[in-house]
Amino acid sequence: MKIIKAKDYNDMSRKAANIISAQVIMKPDCVLGLATGSTPVGTYKQLIEWYEKGDLDFGDVTTVNLDEYKGLPRENDQSYFYFMNHNLFDYVNINPERTHLPNGMNLNAEEECARYEEVIRSTGGVDLQLLGLGHNGHIGFNEPGEAFETETHCVDLQERTIEANKRFFASIDEVPKQAYTMGIKTIMMAKKILVVVSGEDKAETVKNAFFGPVTPQVPASILQMHPDVTIVADEAALSKCDL
């Protein structure tokens with residue numbers, strides 16, 4: 001596990017974008033696993049900037065996203081489909097047919113999870129998986145639990161996650177209660193994993209996830225078992241770690 005300390009959020013975003021851009025340059029037809037949430041936004045902005053300068057070409061890149069809310073239409077501005085288009089895809093030369101997310105409007109969970117696993121398999125596997133880190137240690141929507149979930153599955157979101165997401169909706173009643181997410185096994189199959197973390201409010205989680213025991217109660221702790229993980233975190237997020 002490699003830890004790269006950044007000065008602040010902007011520095012973290014730039015350092016993470018450097019790693020992703022290197023992957024795209026080294027393997028133009030790579031498969032990128034992508035994440036949503038506020039943390040990767042700066043990384044995507046930096047990638048767009050480099051694309052606009054002519055430094056990056058996404059023409060042959062394939063993407064698979066970690067997760068999507070169940071029951072939320074793609075045109076809803078809180079869907080992850082909408083997020084990815086408005087924060088990255090609309091601004092680079094990626095082929096829309098090569099961008100993949102779970103279909104939140106397929107309410108048949110067993111069918112949708114099997115379909116998405118097959119999509120991931122059909123790409124040949126994820127070369128680089130980008131992850132954020134939830135306050136409760138979740139990665140994707142793999143919430144703390146009794147066991148590490150395996151492949152793509154439907155999760156009931158925990159109250160803390162719903163509470164964290166309610167700021168994006170008109171009322172808490174509109175916040176989706178379920179989501180489709182890549183499972184731990186699916187995430188761990190990626191050849192490389194890149195975790196971005198920012199802010200003092202994540203410091204305890206960073207300490208527990210990357211310097212504590214490997215336990216399903218802290219889903220991100222499983223990343224300690226992966227052979228090629230890079231964590232890019234700012235000083236605030238690393239403030240409780242003895243580095």
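**Pockets of the predicted model**

Helix 5 contributes four residues to the lining of the largest pocket, the most of any element. The model described here is predicted. The UniProt record, an unreviewed entry, lists residues 13-225 as "domain: Glucosamine/galactosamine-6-phosphate isomerase".

The largest pocket holds about 790 Å³ of space. Its lining comprises 36 residues. Closest to the pocket centre are Thr-36, Gly-37, Ser-38, Asn-165 and Arg-167. Three elements each supply at least two lining residues: strand 4 (67-69), helix 3 (80-87) and helix 5 (159-165). Nonpolar residues number 15 in this lining, and polar residues also number 15. Six charged residues complete the lining of the largest pocket.

The second largest pocket has a volume of about 190 Å³. Its lining consists of Glu-117, Ile-120, Arg-121, Gly-124, Gly-125, Val-126, Glu-151, Lys-185, Thr-186, Met-189 and Ala-190. Helix 4 (109-122) and helix 6 (184-188) are the elements that give two or more residues to this lining. Helix 4 gives the most, with three residues. By class, four residues lining the second largest pocket are nonpolar, three are polar and four are charged.

Conventions: Residues are numbered from 1 along each chain as its sequence is written. This is a predicted model: local features need pLDDT of at least 70, side-chain atom pairs count only at pLDDT 80 or more; totals for chains, interfaces and linings use all residues. Side-chain values use heavy atoms; hydrogens and water are left out. UniProt positions are given in the numbering used here, feature names are shortened, and annotations may be inferred rather than shown by experiment. On a 1 Å grid over the protein atoms alone, a cavity is a set of points where a 1.4 Å probe fits but cannot get out, and a pocket is an open set with protein on both sides within 12 Å along at least five of seven lines; lining residues have an atom within 4 Å of a point. Grid points are joined across faces, edges and corners, and a volume is the space filled by probe spheres set on the points. Ala, Val, Leu, Ile, Met, Phe, Trp, Tyr, Cys and Pro count as nonpolar, Asp, Glu, Lys and Arg as charged, and the others, Gly among them, as polar.
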